There are 2 protein chains.
Amino acid sequence: MKEGPDIALIGSLIGDPARANMLTALMGGRALTATELATHAGITLQTASSHLSKLEAGGLLSQRKQGRHRYYQLAEDEVGLMLENLMGFAASRGMNRHRPGPKDPALRKARVCYNHLAGDYGVRMYDSLIAEKQIEINGDDLALTPAGQSRIEALGIDYSALTKSRRPICRTCLDWSERRSHLAGSLGEALLTLFIDKGWAKREANSRAIRFTANGEKAFSELFPQ
Amino acid sequence: MKEGPDIALIGSLIGDPARANMLTALMGGRALTATELATHAGITLQTASSHLSKLEAGGLLSQRKQGRHRYYQLAEDEVGLMLENLMGFAASRGMNRHRPGPKDPALRKARVCYNHLAGDYGVRMYDSLIAEKQIEINGDDLALTPAGQSRIEALGIDYSALTKSRRPICRTCLDWSERRSHLAGSLGEALLTLFIDKGWAKREANSRAIRFTANGEKAFSELFPQ
DNA sequence: GGGATGCTTCGATTACCATCGAAGTATGAA
DNA sequence: TTCATACTTCGATGGTAATCGAAGCATCCC
C-alpha cells in the first residue's frame, strides 16, 4: 500500500503555479532575491516568503543572506536535473503554458539549465565531446578522458579546482527541448562560465535564453565540430 | 517570466496523496480497476473516480473497458520512467513515508518498475548485459548487439515481435533504490515476463516486490554473471 | 426481465492553503 | 538616533478542490 518514497510531497511543492514559476526562474542559474522571485511569480512579498520557506524546508532551495537581501538558489545540481527532466516530460505531453512565442526558438537554441548550457548548442557540445573521445561513458558515469583533460586545461579551465569539489565533474542532463542528453556537472558549469567570460555568449536579462555573439558562434563551431 | 513547459500541472497531479498512492500502485505493472485503486488510496469509489479522470485527462493514465470493469494503467513507458525518477529524487532527500519497514529490503532487492525488473537484481542484470557486450550505449540510445540478439532468441524471446512495436527495445531507467540505471523498454519487459513464465520469479500480491525462487536465483546468476 | 456489481455524475460539505493587509524584525544608510 | 529597505510573522479571508452520500448508467448473471 504505502511503498517507497513520498512523491506526493515534491509533487505538491512543484504543483503550485507560483512555486513552479519561482523554480523555473531559478533554472536561469542566477541567485534571486525574495522580491525578485515575488515579481516573477506575480504575487506579493508576503506570499512569496511563505512559498520560499516551504521550498527551502522541502530541500529544493537554499538561501544565502547578504546584507539585507536573501538570495535564493536551487539547493543542488540534482534539483536542476529533476526539474529539467519534469519539463521534458511536460513538453512531451504538450503541456505548454503558452503557444510557442517569439522567445521559444531562442530557448531551444541555447539556454541555461541551472548552471550549464542546454538546448541545441548544449546537445551539440555534448555530442562533439563524445565523438572526439574527450568524455566517455562508463555505465552510468561520465568521465573525462586524459585527452579531454588536457583539452580543457588548454582552454584555461582549472582542472584541479574541479576535482576538489565533491560534485561530479561530468554528468548527463536530459534536455527538454531536444529530448537528448547534454553535459552537466562542474565541467558543464565551467564551460558555460568560460563562454561568458570570453564574451562569446551573454545571458539575457529575465530569461533562461543565451545569446551567442558572432565571434562566439565561430569559436563554438571550431571547438565543437559536428 | 513564463518560459517553457508547465511543470505545475504535472506537479499538482502528482501532488495529491491519493493520486500519488494510485500512481505508486500502478508502478506495480498490473492494470488495476477503479475499486482496487480506491482501496490502495484509502478513499471511496466516488472520489477515486474523480481522481482517475483527472489523471487520464493529464495523460498519465490510460483506460481499458472490460465488461463492467475499467482497468487503469500508466499511459506509456515514459510515465513510469518519470515516476521512478521522481522517487529517486524523493528518496535522496529522505522523503520517505515510513521508517524503512520489513518490506523495504525486498523492494530494494527486486521489484517491478511498471513493466520491467528494478532494484539490485535489475541493476545487476543491466551491468552484466553491458559487460558482456550484449547491449551497448550509443550516445543516448541503448542498442542490442548481434550477440545480444541471438542470446535473447536462445532464451525463447521473439526478437521480431519486439521490433514491430514503435516502443524502443532497450532503454535505461534510473533506479531509485540503487541510484543507477537498469534496463527498461520492450526487452526489459520481455525479460521480466520470461522470468515469471519460467517460474523463476513471482510478483507479490499487493506490492511491487518480486520474489525469486531458489531455481530462479540460480538461473539468474548463471545468465547474468557478475 | 430482475437483481447485483462496477463505476460515474451530481450536489453539498468541509478542509486546506494561497493570498494579502498589517504589524514586527533585521540590516543598512544618514 | 532616525529613517528606509528587505523580509518575516500574524491574522483574516476567500477560493479551490478533495471528500462522500445519493442517485443514475452500464454490464453481467440468472
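Tutor: Let us begin with a definition: helices (H or I, at least four residues) and strands (E, at least two) are DSSP runs, numbered from the N terminus. This is a predicted model, in which local features need pLDDT of at least 70 and side-chain atom pairs count only at pLDDT 80 or more, while totals for chains, interfaces and linings use all residues. Residues are numbered from 1 along each chain as its sequence is written, chains are lettered from A and ligands numbered from 1 in the order in which they are written, and side-chain values use heavy atoms, with hydrogens and water left out.

Student: Which element gives the largest share of the surface near DNA strand C?
Tutor: That is H4(A), with 4 residues. Helix H2 (17–26) and helix H4 (45–57) of chain A, and helix H3 (34–41), helix H4 (45–57) and strand E3 (69–74) of chain B, each supply at least two residues there.

Student: What makes a residue count as near a strand?
Tutor: One of its heavy atoms must lie within 4 Å of the strand. Around DNA strand C there are 22 such residues, and A:Gln46, A:His51, A:Lys54, B:Thr35 and B:Ser49 come nearest. Of the atoms of DNA strand C within 4 Å of the protein, 73% belong to sugar or phosphate and the rest to bases.

Student: How do the residues of that surface divide into nonpolar, polar and charged?
Tutor: Ala, Val, Leu, Ile, Met, Phe, Trp, Tyr, Cys and Pro count as nonpolar, Asp, Glu, Lys and Arg as charged, and the others, Gly among them, as polar. For the surface near DNA strand C this gives 5 nonpolar, 10 polar and 7 charged. The surface near DNA strand D also divides into 5 nonpolar, 10 polar and 7 charged.

Student: Why is the pair of side chains B:Arg208 and B:Glu84 called a polar contact?
Tutor: A polar contact is a pair of N or O atoms within 3.5 Å; within protein, one must be able to donate a hydrogen and the other to accept it, and residues adjacent in sequence count only if both atoms are side-chain atoms. The side chains of B:Arg208 and B:Glu84 are joined at 3.1 Å, so the name applies.

Student: What distances do you find to the phosphate oxygens of DNA strand C?
Tutor: A polar side-chain atom lies 3.1 Å away for A:Thr44, 2.7 Å for B:Ser49 and 3.2 Å for B:Tyr72.

Student: And which atoms come to phosphate oxygens of DNA strand D?
Tutor: For A:Tyr72 it is an N or O atom in the side chain, at 3.2 Å. B:Thr44 uses a polar backbone atom, at 3.1 Å, and B:Lys54 has a polar side-chain atom at 2.5 Å.

Student: Is B:Arg208 buried or exposed?
Tutor: Buried means under 20% relative accessible area, exposed over 50%, and partly exposed in between (1.4 Å probe, protein chains only). B:Arg208 has 4%, so it counts as buried. Its place is in the loop between strand E10 (201–203) and strand E11 (210–212) of chain B.

Student: Why is A:Asn206 called exposed?
Tutor: Its relative accessible area is 56%, so it passes the cut-off for exposed. A:Asn206 is in the loop between strand E10 (201–203) and strand E11 (210–212) of chain A.

Student: How do you know that the size of chain A agrees with a compact globule?
Tutor: The radius of gyration is taken over C-alpha atoms, and the globule rule is 2.2 Å times the number of residues to the power 0.38. With 226 residues, the rule gives a value near 17 Å, and chain A has 18 Å, which agrees. Buried residues make up 50% of chain A.
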